[in-house]
Amino acid sequence: MSTPAAAPRRNRPEFRNIHVTQIVRYRMPMPAMVSIMHRISGAALFLALPFLLWMFDLSLISESTFERMAMVASGWFVKLVLLFLIWGFLHHLVAGIRYLVLDLHVGLDLPQARGNALAVFAISLPLTLVAALKLFGAF
Amino acid sequence: MAFAPPPAGIGTKRLVVGAHYGVGNFLLQRLTALVLVVFFALLGARLLLAGPLDYVAWASLFVPMWMKVLTLVALLALLYHAWIGVKDIWLDYVKPVWARLTLQTLTALWLLACAVWSVQILWRV
């Protein structure tokens, strides 16, 4: 007969069949942040698809619909939505390129994976800031 | 009916039944991602070089046939990429079969509609 395993030194929380509501209590390492943001940004872009296609359509039909599109995009609330979508696009793009590189078994070791996860934020967030300044007319 | 032992290299942990185990979608998710990276890099570079665009300059980008085809291919890649990703989200979080199938069906129909709409948008220019 096998002997029972030694008692754990501390009472660590144990997660099985993880529920979405438990995620908020995790201490997320950097690669996990990139991962969940990749999913959230992807879902947001999917939900925004009709809005984006509609804007694209308006921008191409005629001069007057182009103006209408510009009018719609000039409201502060729409600008905030657009900024969120720009962040989502940039994060999804940069994190996606990271995943393509990881698929080639490059940068998979934990220290490198932490580093290149941090690099995703270090690239996507400043780009989002530039887009925000442009969107709200700083330059 | 006896099953033959799995051939060498297949492994002993799974039953070889001819299912694809998602390998096709795994590869297509990455292939479509590459298409999108290239397309948005080219479009982004073109727009940054051009500076602010008025309607005529913007719309004339999409007039040549090759640009319509390129953009449509990129949009179809985007829609298929979205299909794989959104389906994964439903599979991860929605457990009741009826809800999962309903959401998957609606997602597929919606993305299909977006594909048709994309053709209309591009070929109206």
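**View 1. Chain B from end to end.** From the N terminus on, the elements of chain B follow the order α-α-α-α. That is four helices and zero strands, where helices (H or I, at least four residues) and strands (E, at least two) are DSSP runs numbered from the N terminus. This is a predicted model, in which local features need pLDDT of at least 70 and side-chain atom pairs count only at pLDDT 80 or more, while totals for chains, interfaces and linings use all residues. Residues are numbered from 1 along each chain as its sequence is written, chains are lettered from A and ligands numbered from 1 in the order in which they are written, and side-chain values use heavy atoms, with hydrogens and water left out. Of the 125 residues in chain B, 29% are buried; buried means under 20% relative accessible area, exposed over 50%, and partly exposed in between (1.4 Å probe, protein chains only). Among contacts in chain B between residues at least 6 apart in sequence, 68% join residues at least 24 apart, a contact being heavy atoms within 4.5 Å. Chain B exposes about 8,300 Å², and carbon and sulfur atoms supply 76% of it. Accessible areas come from the Shrake-Rupley method with a 1.4 Å probe, and for residues only the protein chains shown count as cover.

View 2. The size of an interface is often given as the accessible area lost when the parts come together. Here, the area buried between chain A and chain B is about 2,300 Å², with 75% of it from carbon and sulfur atoms; buried area is the accessible area (1.4 Å probe) that two parts lose on being put together, summed over both. Arg39(A), Phe46(A) and Leu60(A) supply 28% of the area that chain A buries against chain B, more than any other three residues. The contact draws 23 residues from chain A and 32 residues from chain B.

**View 3. The side of chain A that touches chain B.** Across the interface of chain A and chain B there are eight residue pairs in polar contact (both at pLDDT 80 or more). A polar contact is a pair of N or O atoms within 3.5 Å; within protein, one must be able to donate a hydrogen and the other to accept it, and residues adjacent in sequence count only if both atoms are side-chain atoms. On chain A, helices α1 (30–61), α2 (63–72) and α3 (76–103) each supply at least two residues of the side that touches chain B. Helix α1(A) gives the most, with 13 residues. By class, this side of chain A has 16 nonpolar, three polar and four charged residues. Ala, Val, Leu, Ile, Met, Phe, Trp, Tyr, Cys and Pro count as nonpolar, Asp, Glu, Lys and Arg as charged, and the others, Gly among them, as polar.

View 4. Side chains of opposite charge can pair when their charged atoms come close. Between chain A and chain B the count is three salt bridges, each a side-chain nitrogen of Lys or Arg within 4 Å of a carboxyl oxygen of Asp or Glu. In this view, the side chains of Arg39(A) and Asp92(B) meet in a salt bridge (2.8 Å, N to O). Arg39(A) lies in helix α1 of chain A and Asp92(B) in helix α3 (residues 65–93) of chain B, so the pair joins two chains. Arg39(A) is partly exposed at 24% relative accessibility, and Asp92(B) is partly exposed at 41%.

**View 5. Asp57(A) and its partners on chain B.** Asp57(A) forms a salt bridge with Arg124(B), the closest N and O atoms being 2.8 Å apart. Because Asp57(A) sits in helix α1 of chain A and Arg124(B) in the segment after α4 (97–123) of chain B, the pair joins two chains. Asp57(A) counts as buried at 9% relative accessibility, whereas Arg124(B) is partly exposed, with a relative accessible area of 39%. Not counting residues up to four places away in sequence, Asp57(A) touches Trp117(B), Ile121(B) and Arg124(B).

**View 6. Arg30(B) with Asp103(A).** The side chains of Arg30(B) and Asp103(A) meet in a salt bridge (2.4 Å, N to O). Arg30(B) is partly exposed, with a relative accessible area of 23%, and Asp103(A) is partly exposed at 33%.
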